[in-house]
Amino acid sequence: MDGMLGFLPEGLTVLSAGILITASFFTSALTASVGVGGGLLCSP
Amino acid sequence: MLALMTYLIPIAALIPVHGLVQLGSNTSRSYVQRAHINWRIVRIFLFGSLLGALAGAILVVQLPAYILRGFLGLFIITIIWIKLPKIENPGPVLISLGGLVTTFTSMFAGATGPIVALFLNSLFNEHRKMVATHGATMTVQHSLKVVAFGFAGFAFWEWLPLVFLIVLSGFIGTKAGTLLLNKMPEEKLKLCFKIVMTLVALDLLRASFI
(Lines give C-alpha, C1' and ligand atoms only; values in the text may rest on other atoms or scores of the structure.)
Protein backbone atom coordinates (compact mmCIF):
# COMPACT_ATOMS: atom_id res chain seq x y z
CA MET A 1 0.00 0.00 0.00
CA ASP A 2 2.86 2.37 0.85
CA GLY A 3 4.41 1.64 -2.55
CA MET A 4 1.21 2.63 -4.28
CA LEU A 5 1.11 5.91 -2.37
CA GLY A 6 4.41 6.83 -3.99
CA PHE A 7 2.70 6.96 -7.38
CA LEU A 8 -0.11 9.20 -6.18
CA PRO A 9 -0.04 13.00 -6.03
CA GLU A 10 0.27 14.46 -2.53
CA GLY A 11 -2.99 14.47 -0.58
CA LEU A 12 -4.75 11.84 -2.68
CA THR A 13 -5.67 8.54 -0.96
CA VAL A 14 -5.63 5.06 -2.53
CA LEU A 15 -9.42 4.92 -2.08
CA SER A 16 -9.90 8.18 -3.96
CA ALA A 17 -7.67 6.96 -6.77
CA GLY A 18 -9.63 3.68 -6.92
CA ILE A 19 -12.94 5.52 -7.16
CA LEU A 20 -11.63 7.70 -10.01
CA ILE A 21 -10.26 4.69 -11.92
CA THR A 22 -13.52 2.74 -11.54
CA ALA A 23 -15.68 5.73 -12.47
CA SER A 24 -13.61 6.21 -15.60
CA PHE A 25 -14.71 2.80 -16.89
CA PHE A 26 -18.40 3.55 -16.52
CA THR A 27 -18.35 7.13 -17.80
CA SER A 28 -16.28 6.09 -20.84
CA ALA A 29 -18.67 3.23 -21.64
CA LEU A 30 -21.58 5.64 -21.43
CA THR A 31 -19.81 8.21 -23.59
CA ALA A 32 -18.86 5.67 -26.25
CA SER A 33 -22.36 4.22 -26.47
CA VAL A 34 -24.58 7.30 -26.32
CA GLY A 35 -22.08 10.05 -27.09
CA VAL A 36 -22.29 12.34 -24.07
CA GLY A 37 -19.91 13.49 -21.33
CA GLY A 38 -20.93 10.85 -18.83
CA GLY A 39 -18.96 12.43 -16.01
CA LEU A 40 -21.54 15.16 -15.65
CA LEU A 41 -24.04 12.61 -14.40
CA CYS A 42 -22.31 12.73 -11.01
CA SER A 43 -22.25 16.52 -10.69
CA PRO A 44 -22.62 17.71 -7.07
CA MET B 1 -15.54 12.69 -14.40
CA LEU B 2 -15.21 16.41 -13.72
CA ALA B 3 -17.90 16.55 -11.05
CA LEU B 4 -16.59 13.45 -9.28
CA MET B 5 -13.11 14.92 -9.36
CA THR B 6 -14.30 18.03 -7.50
CA TYR B 7 -14.72 15.83 -4.39
CA LEU B 8 -11.35 14.08 -4.68
CA ILE B 9 -8.81 16.38 -6.34
CA PRO B 10 -7.52 19.79 -5.13
CA ILE B 11 -9.43 22.58 -6.84
CA ALA B 12 -6.27 24.14 -8.33
CA ALA B 13 -5.51 20.92 -10.20
CA LEU B 14 -9.07 20.12 -11.20
CA ILE B 15 -9.40 21.63 -14.70
CA PRO B 16 -5.86 20.73 -15.93
CA VAL B 17 -6.04 17.11 -14.65
CA HIS B 18 -9.57 16.67 -15.99
CA GLY B 19 -8.33 17.99 -19.33
CA LEU B 20 -5.48 15.47 -19.38
CA VAL B 21 -7.80 12.58 -18.47
CA GLN B 22 -10.30 13.61 -21.12
CA LEU B 23 -7.53 13.98 -23.67
CA GLY B 24 -6.48 10.39 -23.03
CA SER B 25 -10.00 8.96 -23.04
CA ASN B 26 -11.13 10.89 -26.11
CA THR B 27 -7.97 9.94 -27.99
CA SER B 28 -8.65 6.27 -27.28
CA ARG B 29 -12.32 6.67 -28.26
CA SER B 30 -11.30 8.36 -31.50
CA TYR B 31 -8.86 5.54 -32.25
CA VAL B 32 -11.42 2.80 -31.58
CA GLN B 33 -14.09 4.54 -33.69
CA ARG B 34 -11.73 6.14 -36.27
CA ALA B 35 -13.47 4.54 -39.24
CA HIS B 36 -16.58 6.66 -38.57
CA ILE B 37 -14.89 10.04 -38.00
CA ASN B 38 -15.78 12.88 -40.36
CA TRP B 39 -12.31 14.47 -40.67
CA ARG B 40 -13.53 17.46 -42.67
CA ILE B 41 -15.70 18.56 -39.73
CA VAL B 42 -12.84 17.94 -37.29
CA ARG B 43 -10.47 20.13 -39.35
CA ILE B 44 -12.98 22.98 -39.53
CA PHE B 45 -13.75 22.57 -35.82
CA LEU B 46 -10.00 22.75 -35.08
CA PHE B 47 -9.73 26.14 -36.77
CA GLY B 48 -12.43 27.65 -34.51
CA SER B 49 -11.02 25.83 -31.47
CA LEU B 50 -7.61 27.43 -31.92
CA LEU B 51 -9.21 30.87 -31.80
CA GLY B 52 -11.36 29.87 -28.81
CA ALA B 53 -8.38 28.53 -26.86
CA LEU B 54 -6.38 31.66 -27.61
CA ALA B 55 -9.24 33.91 -26.48
CA GLY B 56 -9.79 31.79 -23.34
CA ALA B 57 -6.12 31.95 -22.43
CA ILE B 58 -6.11 35.75 -22.76
CA LEU B 59 -9.35 36.48 -20.90
CA VAL B 60 -9.25 35.50 -17.25
CA VAL B 61 -12.98 35.66 -16.58
CA GLN B 62 -14.62 32.91 -14.58
CA LEU B 63 -18.36 32.67 -14.01
CA PRO B 64 -19.66 31.07 -10.78
CA ALA B 65 -20.17 27.33 -11.18
CA TYR B 66 -23.88 27.45 -10.30
CA ILE B 67 -24.59 29.90 -13.13
CA LEU B 68 -22.72 27.73 -15.62
CA ARG B 69 -24.56 24.59 -14.49
CA GLY B 70 -27.97 26.28 -14.61
CA PHE B 71 -27.33 27.72 -18.05
CA LEU B 72 -26.02 24.42 -19.36
CA GLY B 73 -29.00 22.48 -17.94
CA LEU B 74 -31.56 24.81 -19.54
CA PHE B 75 -29.62 24.84 -22.79
CA ILE B 76 -29.54 21.04 -23.05
CA ILE B 77 -33.26 20.60 -22.27
CA THR B 78 -34.16 23.28 -24.84
CA ILE B 79 -32.08 21.71 -27.59
CA ILE B 80 -33.18 18.15 -26.86
CA TRP B 81 -36.93 18.55 -26.50
CA ILE B 82 -37.78 21.64 -28.58
CA LYS B 83 -37.87 20.97 -32.30
CA LEU B 84 -35.36 23.25 -33.96
CA PRO B 85 -35.15 23.90 -37.71
CA LYS B 86 -32.90 21.25 -39.21
CA ILE B 87 -29.58 22.62 -40.42
CA GLU B 88 -29.10 21.42 -43.98
CA ASN B 89 -25.44 21.14 -44.99
CA PRO B 90 -24.09 23.58 -42.37
CA GLY B 91 -21.20 25.60 -43.71
CA PRO B 92 -17.65 25.83 -42.40
CA VAL B 93 -18.39 29.14 -40.64
CA LEU B 94 -21.06 27.59 -38.39
CA ILE B 95 -18.95 24.52 -37.58
CA SER B 96 -15.93 26.68 -36.86
CA LEU B 97 -18.01 29.00 -34.67
CA GLY B 98 -19.11 25.97 -32.65
CA GLY B 99 -15.44 25.06 -32.13
CA LEU B 100 -14.61 28.60 -31.07
CA VAL B 101 -17.43 29.00 -28.53
CA THR B 102 -17.19 25.54 -26.96
CA THR B 103 -13.40 25.57 -26.70
CA PHE B 104 -13.50 29.04 -25.15
CA THR B 105 -16.07 27.81 -22.59
CA SER B 106 -14.05 24.65 -21.94
CA MET B 107 -11.08 26.72 -20.76
CA PHE B 108 -13.16 27.90 -17.78
CA ALA B 109 -15.93 25.36 -17.23
CA GLY B 110 -13.99 22.18 -18.00
CA ALA B 111 -16.70 19.95 -19.43
CA THR B 112 -18.31 21.09 -22.66
CA GLY B 113 -18.80 17.61 -24.07
CA PRO B 114 -22.62 17.75 -23.93
CA ILE B 115 -22.69 21.08 -25.82
CA VAL B 116 -20.40 19.75 -28.55
CA ALA B 117 -22.50 16.57 -28.70
CA LEU B 118 -25.67 18.58 -29.20
CA PHE B 119 -24.02 20.69 -31.87
CA LEU B 120 -22.76 17.66 -33.80
CA ASN B 121 -26.01 15.77 -33.36
CA SER B 122 -27.68 18.14 -35.83
CA LEU B 123 -24.99 17.50 -38.43
CA PHE B 124 -25.23 13.72 -38.68
CA ASN B 125 -27.93 11.32 -39.76
CA GLU B 126 -26.02 8.32 -38.42
CA HIS B 127 -25.47 8.27 -34.65
CA ARG B 128 -22.18 6.31 -34.65
CA LYS B 129 -20.61 8.88 -36.97
CA MET B 130 -21.68 11.62 -34.57
CA VAL B 131 -20.19 9.75 -31.59
CA ALA B 132 -16.88 9.13 -33.39
CA THR B 133 -16.56 12.70 -34.65
CA HIS B 134 -17.51 13.98 -31.21
CA GLY B 135 -14.56 12.04 -29.76
CA ALA B 136 -12.19 13.57 -32.31
CA THR B 137 -13.42 17.13 -31.71
CA MET B 138 -13.13 16.68 -27.93
CA THR B 139 -9.57 15.40 -28.46
CA VAL B 140 -8.85 18.67 -30.26
CA GLN B 141 -10.35 20.73 -27.44
CA HIS B 142 -8.58 18.96 -24.60
CA SER B 143 -5.25 18.96 -26.47
CA LEU B 144 -5.41 22.74 -26.70
CA LYS B 145 -6.38 23.01 -23.04
CA VAL B 146 -3.50 20.81 -21.86
CA VAL B 147 -1.01 22.80 -23.97
CA ALA B 148 -2.35 26.05 -22.49
CA PHE B 149 -2.06 24.83 -18.89
CA GLY B 150 1.37 23.38 -19.64
CA PHE B 151 2.59 26.77 -20.81
CA ALA B 152 1.05 28.24 -17.65
CA GLY B 153 3.37 26.01 -15.60
CA PHE B 154 1.07 23.26 -14.30
CA ALA B 155 3.09 20.20 -13.14
CA PHE B 156 1.37 17.48 -15.13
CA TRP B 157 4.13 14.90 -14.39
CA GLU B 158 2.97 14.48 -10.75
CA TRP B 159 -0.39 13.23 -12.01
CA LEU B 160 0.78 11.07 -14.90
CA PRO B 161 0.69 7.60 -13.17
CA LEU B 162 -2.85 8.13 -11.87
CA VAL B 163 -4.03 9.68 -15.14
CA PHE B 164 -2.57 6.70 -17.03
CA LEU B 165 -4.62 4.26 -14.92
CA ILE B 166 -7.78 6.36 -15.28
CA VAL B 167 -7.30 6.51 -19.06
CA LEU B 168 -6.57 2.76 -19.23
CA SER B 169 -9.77 2.00 -17.33
CA GLY B 170 -11.60 4.42 -19.59
CA PHE B 171 -10.21 2.68 -22.69
CA ILE B 172 -11.69 -0.63 -21.52
CA GLY B 173 -14.96 1.18 -20.85
CA THR B 174 -14.81 2.67 -24.36
CA LYS B 175 -14.43 -0.79 -25.90
CA ALA B 176 -17.45 -2.02 -23.91
CA GLY B 177 -19.49 1.05 -24.89
CA THR B 178 -18.52 0.70 -28.55
CA LEU B 179 -19.72 -2.92 -28.59
CA LEU B 180 -23.07 -1.66 -27.30
CA LEU B 181 -23.08 1.10 -29.93
CA ASN B 182 -22.58 -1.42 -32.73
CA LYS B 183 -25.29 -3.78 -31.49
CA MET B 184 -28.12 -1.38 -30.70
CA PRO B 185 -30.52 -0.16 -33.43
CA GLU B 186 -30.16 3.46 -34.53
CA GLU B 187 -33.58 4.54 -33.21
CA LYS B 188 -32.93 3.08 -29.76
CA LEU B 189 -29.57 4.87 -29.62
CA LYS B 190 -31.21 8.19 -30.41
CA LEU B 191 -33.84 7.66 -27.71
CA CYS B 192 -31.13 6.69 -25.18
CA PHE B 193 -29.21 9.81 -26.16
CA LYS B 194 -32.22 12.03 -25.47
CA ILE B 195 -33.01 10.37 -22.13
CA VAL B 196 -29.41 10.51 -20.89
CA MET B 197 -28.99 14.11 -21.97
CA THR B 198 -32.21 15.08 -20.18
CA LEU B 199 -31.01 13.39 -16.98
CA VAL B 200 -27.71 15.26 -17.29
CA ALA B 201 -29.56 18.56 -17.75
CA LEU B 202 -31.91 17.96 -14.79
CA ASP B 203 -28.95 17.10 -12.56
CA LEU B 204 -27.16 20.27 -13.66
CA LEU B 205 -30.26 22.32 -12.81
CA ARG B 206 -30.53 20.60 -9.42
CA ALA B 207 -26.87 21.37 -8.74
CA SER B 208 -27.33 25.02 -9.70
CA PHE B 209 -30.10 25.54 -7.12
CA ILE B 210 -28.65 23.52 -4.20
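Predicted model: local features only at pLDDT ≥ 70, side-chain atom pairs only at ≥ 80, totals over all residues.
Trainee: Which residue forms a salt bridge with B:Lys129?

Mentor: Side chains of opposite charge can pair when their charged atoms come close. The cut-off here is 4 Å between the side-chain nitrogen and a carboxyl oxygen. For B:Lys129 the closest N and O atoms are 3.9 Å apart, and the partner is B:Glu126.

Trainee: How many salt bridges does the structure hold over all chains, and at what relative accessibility does B:Glu126 stand?

Mentor: The count over all chains is one salt bridge. B:Glu126 counts as partly exposed because its relative accessibility is 28%.

Trainee: Where does B:Arg34 lie?

Mentor: A charge sits over a ring only if CZ of Arg is within 6 Å of the ring centre. B:Arg34 is at 4.2 Å from the ring centre, over the face of B:Tyr31.

Trainee: What is the angle between the planes of A:Phe25 and A:Phe26?

Mentor: The whole structure has one aromatic pair. A:Phe25 and A:Phe26 form this pair, with 5.1 Å centre to centre. The pair is edge-to-face, and the angle between the planes is 90°.

Trainee: Which class does A:Phe26 fall in, buried or exposed?

Mentor: A:Phe25 is partly exposed at 25% relative accessibility. The exposed class starts over 50%. A:Phe26 has 54% relative accessibility, so A:Phe26 counts as exposed.

Technical notes:
Residues numbered from 1 in each chain as written. Chains lettered and ligands numbered in written order. Heavy atoms only, no water. Buried < 20%, exposed > 50% of the residue type's maximum accessible area, 1.4 Å probe, protein only. Phe/Tyr/Trp six-rings, centres within 6.5 Å; stacked < 30°, edge-to-face > 60°. Lys NZ or Arg CZ within 6 Å of the ring centre and 35° of its normal.
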